[in-house]
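Student: Could you take me through this structure, one question at a time?

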Amino acid sequence: MENNNRREFLKKSILAISGAALLPSNLRSGMNGVSPENVRPELPTRILGKTGINTPLISMGTSGATASGFVRSAYEAGIKLFFSATYYGEGNNEKLVGEGLRELPRDSFVVGTAVPSDGMDMRSGTFTKPFDSQAYISKAEQSLKRFGLDYVDFFLFPYAGKREVVLNEEVLKAMELLKKQGKTRFVGIASHSDTEEALKAATDSGVFEMAMIAYNYKTSNLESLNSVIAKARKAGIGIVAMKTTAGAMRQKSGPPINIDAALKWIFRNENISSIVSGMSSFEELQKNLVMIQNLKMSDQELKDLNLADMSAEPGLYCRQCRKCIPQCPNNLDIPTIMRSYMYAYGYKNSSQAWHTIANVEISGRPCEKCEVCRINCTAGFDIKNKILDISRLKDVPSEFVIA
Ligand code: SF4
Ligand code: SF4
């Protein structure tokens, strides 16, 4: 009964948004309930490296999901890979994903979660204390409990950047142990910054099988990153892309970017197996599912991305190059603050923005005391004003934030 209600809800919501005529025929049959129970629409797929997983081009980044029914609806619409993190809603997101996937055949979905190590300095991307494998494994076990699963398909080591961190012997041993103990099928890295370095190290490790990397049409050093991606892919690393819309909005209150164009641009690289999309509404889900049926970019879509003049506007996407940190006399973790700003104004995800900035030290409002901001940002951001704006989130109590 509950299943029927959910199907009905999914059908009505999606059809109400834009009409069945927009949906490809295989999706129409799935969503209209014409298909037999448990037969989900076939979506276009690619193979995720040596994991052998045949993944739909769109995967779900679950940070924007606020109801387990939405996760279940994404599954029923054909989504197979779901990615959460221990730090999304302080673990509540993993519970929600687990609820959404409960009682489904375990081999019909793939679930991964990012488990960060304690003692990582986000400013330098290095450890501030020795990596504690026991503590890490225990964190991973807590994650399984929250999902209500015996195992996940991926444990991801997030904020991977520096080679010495990715290849840290204790890290590699812990990841291997998690696999040996049957707590995960595969392990991977997630990298926002120093991505080339992280990916090269993951490829050399012989341990990691997957990499989730920030990749979008605003990526700098694209040629060299693409070459590292190609080598990783050749070595069997499955690559999924995140931060794919480069902030979704051009400016805080300006027109949105052409999301379809931004996502199609990613698939021009055949070494990327899937996009992790932080979908939070049926409309986004439906749009994504329609988009992957036709990856050809029109002239207008290319024009919309303004590829020829990337410096024309800074937008909201922080390249996480960390070049600003040594320029700031207060050593602020500006890249993390800028990510929070992007979540708030680009993705309109205030919960993720709040959680991202929660652990950043900005005591005493240092930017207010700086007469002139000394930062020369690679992306051309007005750093001072962005920090003054988003740091107000630090004053919002946690009970006001939807997990
Ligand atoms: S210099 Fe600009 S683009 Fe680079 S990390 Fe700092 S804020 Fe982001
Ligand atoms: S205004 Fe600029 S230089 Fe001063 S503390 Fe803020 S980010 Fe650093």
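Predicted model: local features only at pLDDT ≥ 70, side-chain atom pairs only at ≥ 80, totals over all residues.

Tutor: Residues are numbered from 1 along each chain as its sequence is written, while chains are lettered from A and ligands numbered from 1 in the order in which they are written.

Student: Are α13 and α14 roughly parallel or roughly antiparallel to each other?

Tutor: Helices here are DSSP runs (H or I, at least four residues), numbered from the N terminus. Helix α13, residues 334-345, packs against helix α14, residues 350-358, with axes 7 Å apart and an angle of about 170 degrees, where axes are lines fitted to C-alpha atoms over the stretch in contact and angles run from 0 to 180 degrees between N-to-C directions. Angles over 145 degrees count as roughly antiparallel. The two helices, α13 and α14, are therefore roughly antiparallel.

Student: Which residues come nearest to ligand 1?

Tutor: A residue is near a molecule if its C-beta atom, placed from the backbone, lies within 6 Å of it. Around ligand 1 there are 14 residues, and the nearest are C318, C321, C324, C377 and A379.

Student: Which helix gives the most to the shell around ligand 2?

Tutor: Ligand 2 is surrounded by 14 residues, with C328, C367, C370, C373 and K384 the closest. Both α15 (366-369) and α16 (383-390) supply at least two residues of this shell. The helix that gives the most, with three residues, is α16.

Terms used
Parallel < 35°, antiparallel > 145°, perpendicular 65-115°, else oblique.
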